[in-house]
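Here are a few friendly notes to read alongside the model.

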Amino acid sequence: MDKIKILVVDDESRMRKLVKDFLEREGYQVIEAGDGMEAMEQFYDEKDIALIILDVMMPRMDGWQVCREVRQSSKVPIIMLTARSEERDELQGFDLGVDEYISKPFSPKILVARVNAILRRANVIGESDEINAGGIVIDKAAHQVKIDGKEIELSFKEFELLTYFVENQGIALSREKILNNVWDYDYFGDARTIDTHVKKLRSKFGEKGNYIKTIWGMGYKFEVDEE
């Protein structure tokens, strides 16, 4: 089976190498471009690129323009990288059809996790029925959760919430985003229902409940503590 191709566009060779090394460990084939013009040449030459990781600030043609041109002919998933974390930049990216927006500096492991999640969502790679995160094993097919081999009883929404957290490890998730993805867009209840469910998850998980971090004034982040 051919490897999945990812185009990495950044004018910093060190950054390209860092991202490339982590992606290749995951089994992806990485194509590099040092600026926007080269990126467009690679994009048109390589017909089967599955995802683009795109820096914003580049010479000759910036990331915004690359995104505009790509979107004229393709819906290929795009992850935008930027040194700035201003809200208007993020909003501009989403308006142009960016799938994810990650601010530098970032964890390469988190970037790889986002790549995997986006490609699963786009049905480019098969989705595993079992997820393991720090001793928490989620069997999506059986709707079952085990911690260090012991099964934990969860309600339907607790299971859905935990799965969403684990599939978005290391990403700060707002309460609004959690509601939209776990309770669906047509849910009009109070966002405090999330806090209630998080409290229940933490109580059932013991020490591993600490993996669910509170982001004050925003929401939550699932992050496995390093040993």
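1. A nonpolar core here is a set of buried Ala, Val, Leu, Ile, Met, Phe, Trp, Tyr and Cys residues joined through side-chain atoms within 4.5 Å; buried means under 20% relative accessible area (1.4 Å probe, protein chains only). The largest such core has 28 residues, and Ile 136, Leu 162, Phe 165, Ile 178, Phe 205 and Phe 222 have the most contacts inside it.

2. Please keep in mind that this is a predicted model, in which local features need pLDDT of at least 70 and side-chain atom pairs count only at pLDDT 80 or more, while totals for chains, interfaces and linings use all residues. Residues are numbered from 1 along each chain as its sequence is written, and side-chain values use heavy atoms, leaving out hydrogens and water.

3. Which element gives this core its largest share? That is α6, with six residues. Helices (H or I, at least four residues) and strands (E, at least two) are DSSP runs, numbered from the N terminus.

4. A second, separate core of 23 residues includes Met 40, Ile 52, Met 80 and Leu 96.

5. Four strands form an open sheet in the order β6-β7-β8-β9, with antiparallel pairing; two strands pair if DSSP finds at least two bridges between them. Each of the edge strands, β6 and β9, has a single partner, so one side of each lacks a neighbour in the sheet.

6. Antiparallel β6 and β7 are joined by four bridges, and Glu 130 has Asp 139 in β7 as its bridge partner.

Technical notes: Buried means under 20% relative accessible area, exposed over 50%, partly exposed in between (1.4 Å probe, protein chains only).
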